[in-house]
Amino acid sequence: MEELAPPTRRQLLAGIATATTGSVAGCMERFWSGSDENTPEQVSLVIKTVPTDDDYIAASILSQLRENLADAGIQVTTEPVAEREFYREILIQRDYDIFVGRHPGLFEPDALRDLLHSAFRTEEGWQNPFNFSNMAIDELLEKQHTSEGETREETLEELFESLEQIGPHSVVAFPNHLGGARNEVRTSWTPNRAEGYIDLLSTEPADGSRTNPLRVGLFGEGLSDRFNPIAADVGSERPLLELLYDPLARRIDGEYVPWLADDISWDDSGVEIEATVRLREGLTWHDGESLDASDVEFTIRFFEDTSLGEIESGVPTSQYRGCQSVVDSVSTVGARTVEFSFETPSEAVASRPLTVPILPEHVWESRSEPVGEYQTEARTTDNEPPIGSGLFRFGEHEANELLEFELFDDHVLLDPAVSDRPSILNGFPQYDGIEFHIVGPYPGVLIDMMADDDIDIIGADLPPEHAGSIVEESDVSMVNSSTDSAYIVGYNFQHPQLGDPRFRSLVSRLIDRDHVVEEVFDGYAEKPETYAELAGVRSPDDSSRSADGTASVLRFPGSDGEINQDLVRTLFEDEGYRYDDDTLLE
Amino acid sequence: MVFASVVLEIGLAVLAMLVTATLVIVGPRQLVRAVRDFRWRLEGIALPTTVLLCVLFLRWATQDVAQTISTQVTGVAITDYLFGIDRALFGETPVVFLQSIQMDELTSYFVFVYIYGYAFLLAFPFVAYFALREMDDLSTLILAYTANYGIGLLCYFVFIAYGPRNVDPTLFDGLLYTAFPESGFLTHSINHNTNVFPSLHTSMAMTVFFLAVHTREKYPLWVPLSGVLAGSVALSTMYLGIHWFSDVIAGTFLALVSVYIGRNYTVEGLVRTARVFFSTKFKDAQTRFEGDRE
């Protein structure tokens with residue numbers, strides 16, 4: 001039999017090429033005819049938030065948004081995700097179309113830069129989790145960052161007003177912090193920041209100072225098993241961690257009060273501002289090692305790249321990244337002295353990095369180890385026990401039950417005679433540390449415990465209906481204070497329709513902010529009134545232009561939280577969208 | 001501590017119910033006789049009890065790991081489907097309907113049924129079937145419970161789902177924890193809030209009822225009593241905002257499967273089958289091995 005010669009390589013390639021062209025030609029024909037028809041499908045959105053157990057308010061806002069989107073003809077999928085998992089999916093994986101969540105607060109407008117600038121798009125945490133990229137906004141963000149005085153004010157105002165039209169997020173309301181306290185603790189608020197706890201421990205109880213710890217009740221699922229101050233998935237624990245880790249300065253009543261530093265001198269003679277920071281004498285870490293200027297320099301460098309050069313593109317911290325990014329350079333000039341230069345001429349902006357928690361170099365340096373292609377141990381570790389330099393140190397810990405913060409006896413600020421002692425510490429300490437009692441996600445249990453004198457205060461945010469029931473008990477009061485934080489709706493720009501600013505702006509209108517404040521918050525919240533507030537920046541009444549009546553986001557197309565279907569339909573159609581029966585088409 | 005006092009209070013109440021029910025339904029004479037020769041009875045149920053304890057131990061030992069793996073890796077989120085199915089079937093979810101007829105008395109009744117009634121419902125068959133002349137029914141009960149729990153846990157591992165109260169506080173009321181906050185301690189220490197599909201409350205309660213029907217000639221009174229209780233438990237899970245209608249249906253289905261397993265298989269039988277299976281395999285291998293040597 002004649003043997004068939006094996007095909008040469010050229011023959012083989014030619015054969016493959018012919019076959020491919022032939023088959024593609026067939027495909028192409030079908031493809032073209034198909035594309036001519038172009039059958040549009042219903043617009044669909046995946047909305048994520050945490051379950052009621054974790055945040056009653058967020059779940060309620062989502063409820064209103066879900067019903068209104070469905071009434072507007074959009075196919076909505078909602079999936080509650082437990083708090084820690086929510087942070088992972090939103091702030092790390094960016095796996096969502098829309099989220100309803102609580103942002104910890106933008107106390108300095110420059111924080112909008114880390115939230116929105118396209119340069120932060122590839123990072124973890126609250127660094128542009130929207131995949132948002134807009135050149136005009138980038139320019140405004142940079143301009144406010146590198147200017148001061150009137151120029152900066154005007155730039156910011158322009159930025160706020162542009163964001164109302166094209167921004168990737170929208171503020172629903174600024175919540176008040178609702179808690180409860182036994183009357184003998186003598187407080188009209190409960191802490192939602194580290195500084196609040198410090199203040200409370202400086203306040204003498206009605207029955208005299210105590211030899212026991214302050215007993216704080218918290219509720220929540222999975223709280224207190226991670227103590228990493230720079231991880232993206234650490235949310236409600238942050239105030240507690242900021243008690244363990246001291247910063248150079250603490251922000252108290254809007255002022256920066258030197259803390260680990262005893263002197264901060266500013267030099268604004270150049271184009272950009274510089275600062276020389278001198279540390280207090282005798283600072284130590286909770287493990288006995290001494291804290292010096294190199295720890296400060298290390299912290300700032302580490303936040304910029306937690307891999308310390310191991311990973312080429314750098315792996316920045318997931319928290320405090322915006323604060324760190326203001327620093328242009330940092331250098332140790334003595335055991336207790338650090339020099340900073342900043343990217344900005346504004347002292348207000350340059351003060352941001354002073355508030356970041358200082359980390360011990362001897363603990364964190366080895367955590368620069370890469371644990372993935374673009375991940376370091378520093379961002380993933382549970383960090384137990386946390387070694388900081390704060391007034392409190394980590395004590396006993398039973399997961400989901402008890403957390404003890406003992407007074408750190410070697411802290412220099414415990415000495416009332418120390419020079420330039422922050423006035424917030426007058427009277428500190430009135431208690432022997434703090435004891436956090438953690439119950440499952442059941443606020444009602446905390447109220448009973450407080451009435452039975454098992455805890456002194458409720459530190460977690462109580463849902464309004466529970467807070468209201470405190471008045472039925474004796475010897476305890478409901479307390480209420482304003483916060484920096486904001487409930488926001490965030491949009492993912494990778495979604496085909498959400499990339500369209502007109503579509504996004506219509507979706508933002510489908511939340512009745514007045515109704516949310518009245519019904520969901522029971523009045524314990526404030527609606528955004530100015531353009532600055534719509535972007536998330538709390539502003540004194542006269543500093544930003546009122547958005548009332550002018551911002552379309554604040555004009556709800558309906559009443560009592562329910563949309564007027566015909567009106568909303570017209571609004572979408574006016575923007576060029578089409579309906580088929582009752583479904584909105586892509 | 002709050003937790004201990006809650007458990008004690010529930011324990012005492014359930015004990016009182018058990019004693020009453022035992023006196024009425026089983027009768028003192030039959031009980032005394034059963035207690036007198038408890039030894040062979042215990043031997044009779046040793047095997048299924050061991051299996052049940054093993055499942056409980058496995059659950060206790062792997063709880064945290066399984067939870068983490070489930071939420072971060074293997075779990076499929078199905079809350080939106082459950083919500084959607086409930087709405088598609090009835091226009092509005094049955095939970096909303098049940099909660100719309102909310103009254104304080106009804107709430108008290110359902111809270112009572114959900115916690116005390118359920119505990120009693122699960123415990124009483126142990127006493128009743130223990131007092132019988134043969135241990136077959138008790139073995140069936142234990143095996144059915146085990147199947148119930150085992151399959152339920154498997155579902156919880158595969159499906160991540162939140163109940164109505166956790167999805168939408170505007171539409172649904174978390175009545176149990178408003179009416180009886182301390183119960184949070186109990187449910188929280190037993191279960192996780194993503195474990196709602198299927199409703200184990202329903203499946204366990206229905207299992208008891210189905211077995212009661214099976215043993216109706218021995219304890220005729222127990223049939224209507226367990227029927228009313230099991231039905232109330234199923235309703236209470238929805239009324240209290242804990243489960244979807246779909247969870248309750250799946251729970252009832254699981255009860256049917258578990259009762260089928262309990263009645264048609266015995267642990268002894270399963271062990272025997274396994275032994276035969278492995279020994280034939282072993283023999284096969286041995287023959288092959290010897291064949292190879294020749």
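About 2200 Å² is buried between chain A and chain B in this predicted model. Carbon and sulfur atoms give 49% of that area. The contact draws on 28 residues from chain A and 26 residues from chain B.

Charged and polar pairs were examined next. Across the interface of chain A and chain B, 3 salt bridges are found. One of the residue pairs joined in this way is R66(A) with D168(B), whose side chains meet at 2.4 Å, N to O. Polar contacts link 12 residue pairs across the interface of chain A and chain B, counting pairs with both residues at pLDDT 80 or more.

On the side of chain A that touches chain B, four elements each supply at least two residues: helices α2 (56-71), α3 (83-92) and α14 (443-451), and strand β2 (75-80). The most comes from α2(A), with 6 residues. By class, this side of chain A holds 12 nonpolar, 7 polar and 9 charged residues.

Cysteines were considered separately. The count of disulfides over all chains is 0. A disulfide would need a pair of cysteine sulfur atoms within 2.5 Å. C323(A) has a relative accessible area of 9%. That value is under 20%, so C323(A) is classed as buried. C54(B) has a relative accessibility of 47%. C54(B) therefore counts as partly exposed, because 47% lies between the 20% and 50% limits.

Note on methods: Residues are numbered from 1 along each chain as its sequence is written. Chains are lettered from A and ligands numbered from 1 in the order in which they are written. This is a predicted model: local features need pLDDT of at least 70, side-chain atom pairs count only at pLDDT 80 or more; totals for chains, interfaces and linings use all residues. Side-chain values use heavy atoms; hydrogens and water are left out. Buried means under 20% relative accessible area, exposed over 50%, partly exposed in between (1.4 Å probe, protein chains only). Contact means heavy atoms within 4.5 Å. Buried area is the accessible area (1.4 Å probe) that two parts lose on being put together, summed over both. A salt bridge is a side-chain nitrogen of Lys or Arg within 4 Å of a carboxyl oxygen of Asp or Glu. A polar contact is a pair of N or O atoms within 3.5 Å; within protein, one must be able to donate a hydrogen and the other to accept it, and residues adjacent in sequence count only if both atoms are side-chain atoms. Ala, Val, Leu, Ile, Met, Phe, Trp, Tyr, Cys and Pro count as nonpolar, Asp, Glu, Lys and Arg as charged, and the others, Gly among them, as polar.
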